[in-house]
Amino acid sequence: MEYHPQVFIGKVQPTGHCGNSGIDKHQVGGLLQLLPLGLAGDEQAEKKFHGGPDRALCQYPAEHYHYWSQCYPELIDLFIAPAFGENLSTTGMNEENVFIGDIYRWGDGMIQVTQPRSPCYKLNRMTGLENFSLTLQNSGRCGWLYRVIKGGAVSANASLQLLSRNSDISVKEAIAIAFHLPFDMSLYRRLLSASGLSASWSYTMQKRIQDKRIEDFNRRLFGHD
(Lines give C-alpha, C1' and ligand atoms only; values in the text may rest on other atoms or scores of the structure.)
Protein backbone atom coordinates (compact mmCIF):
# COMPACT_ATOMS: atom_id res chain seq x y z
CA MET A 1 0.00 0.00 0.00
CA GLU A 2 1.24 3.47 -0.91
CA TYR A 3 0.15 6.75 0.62
CA HIS A 4 0.75 10.15 -0.94
CA PRO A 5 1.50 12.88 1.58
CA GLN A 6 1.10 16.60 1.61
CA VAL A 7 4.25 18.04 3.17
CA PHE A 8 4.54 21.07 5.47
CA ILE A 9 7.39 22.90 7.19
CA GLY A 10 7.64 26.02 9.33
CA LYS A 11 10.06 28.13 11.33
CA VAL A 12 9.67 29.01 15.00
CA GLN A 13 8.19 32.50 15.07
CA PRO A 14 6.01 34.69 17.28
CA THR A 15 2.32 33.87 16.86
CA GLY A 16 -0.75 35.65 18.14
CA HIS A 17 -2.15 32.52 19.74
CA CYS A 18 0.76 30.24 20.71
CA GLY A 19 3.68 32.51 21.60
CA ASN A 20 6.92 31.43 19.94
CA SER A 21 5.95 28.33 18.00
CA GLY A 22 6.57 26.32 14.87
CA ILE A 23 2.89 25.34 14.61
CA ASP A 24 2.23 27.68 11.67
CA LYS A 25 3.52 25.64 8.75
CA HIS A 26 3.19 26.01 4.98
CA GLN A 27 2.90 23.46 2.21
CA VAL A 28 6.01 22.72 0.18
CA GLY A 29 6.61 20.90 -3.08
CA GLY A 30 9.75 19.79 -4.84
CA LEU A 31 12.68 18.00 -3.27
CA LEU A 32 13.45 18.42 0.43
CA GLN A 33 16.25 17.01 2.54
CA LEU A 34 15.24 14.62 5.30
CA LEU A 35 17.78 14.99 8.11
CA PRO A 36 18.20 13.13 11.44
CA LEU A 37 16.07 15.74 13.24
CA GLY A 38 13.46 16.17 10.50
CA LEU A 39 12.97 18.15 7.33
CA ALA A 40 15.42 20.87 6.40
CA GLY A 41 13.74 24.20 7.08
CA ASP A 42 11.38 22.88 9.75
CA GLU A 43 11.63 23.86 13.42
CA GLN A 44 9.95 23.08 16.76
CA ALA A 45 9.74 25.34 19.81
CA GLU A 46 8.46 23.14 22.69
CA LYS A 47 11.29 20.63 22.83
CA LYS A 48 9.71 18.86 25.81
CA PHE A 49 6.82 17.70 23.64
CA HIS A 50 8.06 18.14 20.05
CA GLY A 51 11.26 17.58 18.12
CA GLY A 52 14.39 15.54 18.80
CA PRO A 53 15.54 12.27 17.23
CA ASP A 54 12.42 10.28 18.25
CA ARG A 55 10.00 13.05 17.27
CA ALA A 56 11.53 14.31 14.06
CA LEU A 57 8.29 14.31 12.03
CA CYS A 58 4.60 14.59 12.89
CA GLN A 59 1.81 13.08 10.79
CA TYR A 60 -1.91 13.77 11.12
CA PRO A 61 -4.70 12.07 9.14
CA ALA A 62 -6.48 14.50 6.84
CA GLU A 63 -9.79 12.72 7.48
CA HIS A 64 -9.81 13.85 11.10
CA TYR A 65 -10.34 17.46 10.09
CA HIS A 66 -13.79 16.53 8.76
CA TYR A 67 -14.63 15.14 12.20
CA TRP A 68 -13.44 18.31 13.93
CA SER A 69 -15.36 20.49 11.49
CA GLN A 70 -18.52 18.58 12.35
CA CYS A 71 -17.83 19.00 16.07
CA TYR A 72 -17.07 22.72 15.74
CA PRO A 73 -18.78 24.04 12.60
CA GLU A 74 -17.92 27.61 13.60
CA LEU A 75 -14.24 26.69 13.07
CA ILE A 76 -14.66 24.92 9.74
CA ASP A 77 -12.22 27.30 8.03
CA LEU A 78 -9.56 26.45 10.61
CA PHE A 79 -9.72 22.68 10.42
CA ILE A 80 -7.61 21.99 7.35
CA ALA A 81 -4.05 20.70 7.19
CA PRO A 82 -1.66 21.71 8.65
CA ALA A 83 -3.71 23.36 11.41
CA PHE A 84 -2.14 21.12 14.07
CA GLY A 85 1.43 21.77 12.96
CA GLU A 86 1.92 18.43 11.23
CA ASN A 87 4.65 17.77 8.65
CA LEU A 88 2.76 15.05 6.80
CA SER A 89 -0.93 14.82 5.94
CA THR A 90 -2.39 11.75 4.25
CA THR A 91 -5.66 10.00 3.61
CA GLY A 92 -5.91 6.28 4.35
CA MET A 93 -3.41 6.16 7.21
CA ASN A 94 -4.87 6.38 10.70
CA GLU A 95 -4.28 5.37 14.30
CA GLU A 96 -5.87 1.95 13.70
CA ASN A 97 -3.73 0.85 10.75
CA VAL A 98 -0.43 2.46 11.74
CA PHE A 99 1.60 0.60 14.39
CA ILE A 100 4.41 1.50 16.77
CA GLY A 101 7.68 0.54 15.08
CA ASP A 102 6.35 0.61 11.51
CA ILE A 103 9.10 1.54 9.06
CA TYR A 104 8.16 3.41 5.88
CA ARG A 105 10.18 4.26 2.82
CA TRP A 106 9.76 7.88 1.78
CA GLY A 107 11.76 8.85 -1.27
CA ASP A 108 15.40 8.17 -0.49
CA GLY A 109 14.67 8.11 3.23
CA MET A 110 13.24 5.73 5.82
CA ILE A 111 11.16 6.75 8.83
CA GLN A 112 9.86 4.78 11.83
CA VAL A 113 6.75 5.36 13.94
CA THR A 114 7.84 5.99 17.53
CA GLN A 115 4.79 7.18 19.50
CA PRO A 116 1.41 8.87 19.26
CA ARG A 117 1.46 12.65 19.37
CA SER A 118 0.85 13.92 22.89
CA PRO A 119 -1.57 16.87 22.53
CA CYS A 120 -0.36 20.04 24.23
CA TYR A 121 -1.91 23.26 25.46
CA LYS A 122 -0.98 25.24 22.33
CA LEU A 123 -3.87 23.53 20.53
CA ASN A 124 -6.22 25.24 23.01
CA ARG A 125 -4.80 28.62 22.08
CA MET A 126 -4.75 27.85 18.38
CA THR A 127 -8.44 26.89 18.32
CA GLY A 128 -9.62 29.30 21.02
CA LEU A 129 -11.23 26.32 22.78
CA GLU A 130 -10.22 26.04 26.44
CA ASN A 131 -10.16 22.22 26.63
CA PHE A 132 -9.46 21.29 23.01
CA SER A 133 -6.19 19.46 23.75
CA LEU A 134 -8.01 17.25 26.25
CA THR A 135 -10.90 16.72 23.83
CA LEU A 136 -8.48 15.68 21.11
CA GLN A 137 -6.66 13.34 23.49
CA ASN A 138 -9.90 11.75 24.63
CA SER A 139 -11.02 11.27 21.01
CA GLY A 140 -7.91 9.25 20.17
CA ARG A 141 -7.39 11.34 17.02
CA CYS A 142 -3.86 12.28 18.02
CA GLY A 143 -1.69 11.47 15.01
CA TRP A 144 1.81 10.08 15.50
CA LEU A 145 5.52 10.86 15.34
CA TYR A 146 8.53 9.40 13.54
CA ARG A 147 12.26 9.02 13.91
CA VAL A 148 14.46 9.18 10.82
CA ILE A 149 16.10 5.83 10.11
CA LYS A 150 17.76 7.05 6.91
CA GLY A 151 17.93 10.58 5.56
CA GLY A 152 17.88 11.66 1.94
CA ALA A 153 15.86 13.46 -0.67
CA VAL A 154 12.06 13.33 -0.14
CA SER A 155 9.08 15.14 -1.60
CA ALA A 156 5.30 15.22 -1.78
CA ASN A 157 5.63 13.31 -5.04
CA ALA A 158 7.27 10.38 -3.23
CA SER A 159 4.79 7.99 -1.61
CA LEU A 160 5.01 6.47 1.85
CA GLN A 161 5.47 2.70 1.53
CA LEU A 162 5.34 0.33 4.49
CA LEU A 163 8.54 -1.73 4.61
CA SER A 164 8.14 -3.64 7.87
CA ARG A 165 5.77 -4.01 10.81
CA ASN A 166 7.72 -4.54 14.01
CA SER A 167 5.09 -4.69 16.77
CA ASP A 168 1.45 -5.64 17.23
CA ILE A 169 0.59 -2.42 19.05
CA SER A 170 -1.30 0.07 16.93
CA VAL A 171 -1.07 3.79 17.55
CA LYS A 172 -4.71 3.56 18.67
CA GLU A 173 -3.85 0.98 21.35
CA ALA A 174 -0.83 3.00 22.49
CA ILE A 175 -3.10 6.05 22.91
CA ALA A 176 -5.59 3.99 24.93
CA ILE A 177 -2.87 2.59 27.20
CA ALA A 178 -1.25 5.97 27.79
CA PHE A 179 -4.28 8.26 28.00
CA HIS A 180 -7.58 6.41 28.40
CA LEU A 181 -7.29 3.24 30.46
CA PRO A 182 -6.89 2.97 34.25
CA PHE A 183 -3.56 2.09 35.81
CA ASP A 184 -2.40 -1.33 34.57
CA MET A 185 1.22 -2.49 34.90
CA SER A 186 0.71 -5.32 32.42
CA LEU A 187 -0.37 -2.85 29.72
CA TYR A 188 2.62 -0.61 30.42
CA ARG A 189 4.93 -3.61 30.07
CA ARG A 190 3.16 -4.50 26.83
CA LEU A 191 3.74 -1.02 25.44
CA LEU A 192 7.37 -1.09 26.60
CA SER A 193 7.84 -4.26 24.54
CA ALA A 194 6.94 -2.46 21.31
CA SER A 195 9.97 -2.30 19.03
CA GLY A 196 10.74 1.27 18.09
CA LEU A 197 8.90 2.97 20.98
CA SER A 198 10.38 6.41 21.70
CA ALA A 199 12.72 6.96 24.63
CA SER A 200 10.33 9.46 26.23
CA TRP A 201 7.37 7.07 26.13
CA SER A 202 9.57 4.21 27.35
CA TYR A 203 10.59 6.39 30.28
CA THR A 204 7.00 7.38 31.03
CA MET A 205 5.76 3.78 31.07
CA GLN A 206 8.70 2.64 33.20
CA LYS A 207 8.11 5.51 35.63
CA ARG A 208 4.44 4.54 35.99
CA ILE A 209 5.51 1.03 36.93
CA GLN A 210 8.08 2.40 39.37
CA ASP A 211 5.82 5.05 40.96
CA LYS A 212 2.64 2.97 40.76
CA ARG A 213 0.64 5.91 39.45
CA ILE A 214 -0.22 7.78 36.24
CA GLU A 215 1.50 11.14 35.85
CA ASP A 216 -0.44 14.42 35.86
CA PHE A 217 -1.41 15.60 32.36
CA ASN A 218 -2.33 19.17 33.34
CA ARG A 219 0.90 20.96 32.43
CA ARG A 220 1.01 19.40 28.96
CA LEU A 221 -2.70 19.84 28.25
CA PHE A 222 -3.31 23.23 29.84
CA GLY A 223 0.08 24.83 30.38
CA HIS A 224 -0.15 24.82 34.18
CA ASP A 225 0.07 22.39 37.10
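Tyr60 touches Tyr65, Trp68, Phe84, Glu86, Leu88, Ser89, Thr90, Leu136, Arg141, Cys142 and Gly143, leaving aside residues up to four places away in sequence. The model in which these contacts are found is a predicted one. Tyr60 belongs to strand 8, and with a relative accessibility of 0% it counts as buried. The C-alpha atoms of Tyr60 and Asn94 are separated by 8.0 Å, although the two residues stand 34 residues apart along the chain.

Helix 3 spans residues 132–139, and its buried residues are Phe132, Ser133, Leu136 and Gln137. These too fall within an arc of 140 degrees when seen down the helix axis, so they line one face of helix 3. The buried residues of helix 3 pack against strand 8 (57–61), helix 1 (64–71), helix 2 (122–127), helix 4 (171–180) and helix 7 (218–222). After helix 3 comes Gly140, which has a positive phi, near 80 degrees.

The axes of helix 4 and helix 5 (residues 185–192) come within 10 Å and cross at roughly 140 degrees. The two helices are therefore oblique to each other, and the crossing is left-handed. Where they meet, helix 4 contributes Glu173, Ala174 and Ile177, while helix 5 contributes Leu187, Tyr188, Arg190 and Leu191.

Arg208 is located in helix 6 (residues 199–211). Setting aside neighbours within four places in sequence, Arg208 is in contact with Ile177, Ala178, Phe183, Tyr188, Arg213, Ile214, Glu215 and Phe217. Among these partners, Ile177 and Tyr188 also take part in the meeting of helix 4 and helix 5.

## Asn166 and the cysteines

Asn166 is found in the loop between strand 14 (160–164) and helix 4. Gly101 lies 65 residues from Asn166 along the chain, yet their C-alpha atoms are separated by 5.2 Å. Not counting residues up to four places away in sequence, Asn166 touches Gly101, Asp102, Ile103, Gln112 and Ser195.

The structure holds zero disulfides. Cys71 is in no disulfide, and the nearest cysteine sulfur, that of Cys142, is 14 Å away.

The table below lists the accessibility of several residues.

| Residue | Relative accessible area | Class |
|---|---|---|
| Tyr60 | 0% | buried |
| Arg208 | 1% | buried |
| Cys120 | 3% | buried |
| Asn166 | 32% | partly exposed |
| Cys71 | 36% | partly exposed |

The classes follow from a cut-off: a residue is buried under 20% relative accessible area, exposed over 50%, and partly exposed in between. Cys120, at 3%, therefore counts as buried, whereas Cys71, at 36%, is partly exposed.

Technical notes: Residues numbered from 1 in each chain as written. Predicted model: local features only at pLDDT ≥ 70, side-chain atom pairs only at ≥ 80, totals over all residues. Heavy atoms only, no water. Buried < 20%, exposed > 50% of the residue type's maximum accessible area, 1.4 Å probe, protein only. Helix = DSSP H or I, 4+ residues; strand = E, 2+ residues; numbered from the N terminus. Arc of directions from axis to C-beta. Contact = heavy atoms within 4.5 Å. Disulfide = S-S within 2.5 Å. Axes fitted to C-alpha atoms, helices over the stretch in contact; angles between N-to-C directions. Parallel < 35°, antiparallel > 145°, perpendicular 65-115°, else oblique. Left-handed = near helix turned anticlockwise from the far one by under 90°.
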